Amino acid sequence: MELKRKLKVGVLGATGMVGQRFIALLENHPWYEVVAVAASPRSAGKTYAQAVGDRWKMDSPMPEAVKDLAVMNVNEVEKVASAVDFVFSAVDMTKEEIMAIEEAYAKTETPVVSNNSAHRWTPDVPMVVPEINPEHFEVIEFQRKRLGTKNGFIAVKPNCSIQSYAPALTAWREFEPYEVVAATYQAISGAGKTFQDWPEMKGNLIPYIGGEEEKSEQEPLRLWGKIENGVIVKAKEPLITCQCLRVPVLNGHTAAAFVKFRKKPAKEQLIEKLEQYKGLPQKLDLPSAPKQFMRYMEEDNRPQVSLDVDFERGMGISIGRLREDTVYDYKFVGLSHNTVRGAAGGAVLCAELLTAQGYIEAK
């Protein structure tokens, strides 16, 4: 796909960890150019480099193109919106404040692609993993009627924790998984932290992440839901129960999952479905799409965070240790990069699909 010009992008919440990941991923993007960075009033007026200071948390250096951009006040909605074609949202506010500010941007006819959880259950806001449920973007026409907009809307991506097991379950839908137990082992970057910020996590494990278990149990059902009467109605199955643990890992969420199927498949069938699974991003060859969405690893000790988290530049999912279980039908281990596929990268891929389908255009 060729664009007449690169689309002008703003990043809301640009100084935080996910905002920084957006900035890093968008460097040299073939379709998008970051022209506006917005953050809290205390950062406004400084250059981006000054506002971030020594808190740059990415492995790659801060892109030269953004260092001297003046940080805008994220609350000056009209001013930010007038400079851009669309925005990515990674603001750090209360749920009510996020809902309000994202809707305010949408009402300026500026599409909002959000990493935040605030609008994930707004009935006419699509929550999308582009390889799993791209058809949910069709609900945008109903959302625009509610907002009174022609071009503005909000689209979100789901929680980072579910992306290590929900894609596999999606590939296996024809075998009718109806009950799932999952335990997730989640990296500290999911809390916006590094080991420098959070030294007490070294050699530690915390068996609680606020709100995470409910998201991990319910959000996959919304991905598999259907649009009915202009809203997304979640699927009823599979029933999922989850435990979420914070572990001393910087990047990479791992899940151990146990599944019951109504139509019990052979192990070879399950592996074949994983490896052959392709979504719309692969068919359209979108810039951030992994060539292979999921891979199966035969080794007993894989996937491993240190070896496998960057598969397909962090946009691919690694599955391993698939075997029959004595209580459930099968069990497996999944790994995804929580701040790439699970956060900013997943949102960039959503934006690319929205652009390819004509939902996001130059103003």
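Analyst: We can start with a definition: the radius of gyration is taken over C-alpha atoms, and the globule rule is 2.2 Å times the number of residues to the power 0.38. Keep in mind that this is a predicted model.

User: Which radius of gyration does the chain have, and what would a compact globule have?

Analyst: The rule needs the number of residues, which is 363 here. For that number a compact globule would have a radius of gyration near 21 Å. The value for the chain agrees with this, since the chain has 20 Å.

User: What share of the residues counts as buried?

Analyst: A residue is buried if its relative accessible area is under 20%. Applied to the 363 residues of the chain, this gives a buried share of 58%.

User: How many helices and strands does the chain have?

Analyst: Both kinds of element are present in the chain. The count is 12 helices and 14 strands.

User: Which strands does β4 pair with?

Analyst: Strand β4 covers residues 86-89. Four bridges join it to β1 (residues 7-12), and the two run parallel. Three bridges join β4 to β5 (residues 112-114), again parallel. The partners asked for are β1 and β5.

User: Which residues stand opposite F86 and V87 in those pairings?

Analyst: F86 and V87 point opposite ways from β4, and both are buried. In β5, the residue opposite V87 is V112.

User: What handedness does the unit of β4, helix α5 and β5 have?

Analyst: The helix in this β-α-β unit is α5, residues 95-107. The handedness of the unit is right-handed.

User: Which strands are at the edges of the open sheet of six strands?

Analyst: The order in this sheet is β10-β7-β11-β14-β13-β12, with mixed pairing. An edge strand pairs on one side only, which holds for β10 (239-246) and β12 (294-297). From one strand to the next the twist averages 20°. The edge strands are thus named by the ends of the order: β10 and β12.

User: Which residue of β13 is the bridge partner of Y296?

Analyst: β12 is joined to β13 (residues 317-324) by four bridges, and the two run parallel. In β13, the partner of Y296 is I319.

User: Which helix packs on this sheet?

Analyst: The helix touches β11, β12, β13 and β14. Its direction makes about 140° with that of β12. The helix covers residues 267-276 and is α9.

How values were computed. Residues numbered from 1 in each chain as written. Predicted model: local features only at pLDDT ≥ 70, side-chain atom pairs only at ≥ 80, totals over all residues. Heavy atoms only, no water. Buried < 20%, exposed > 50% of the residue type's maximum accessible area, 1.4 Å probe, protein only. Pairing = 2+ DSSP bridges. Right-handed = clockwise from strand over helix to strand, strands pointing away. Axes fitted to C-alpha atoms, helices over the stretch in contact; angles between N-to-C directions. Contact = heavy atoms within 4.5 Å.
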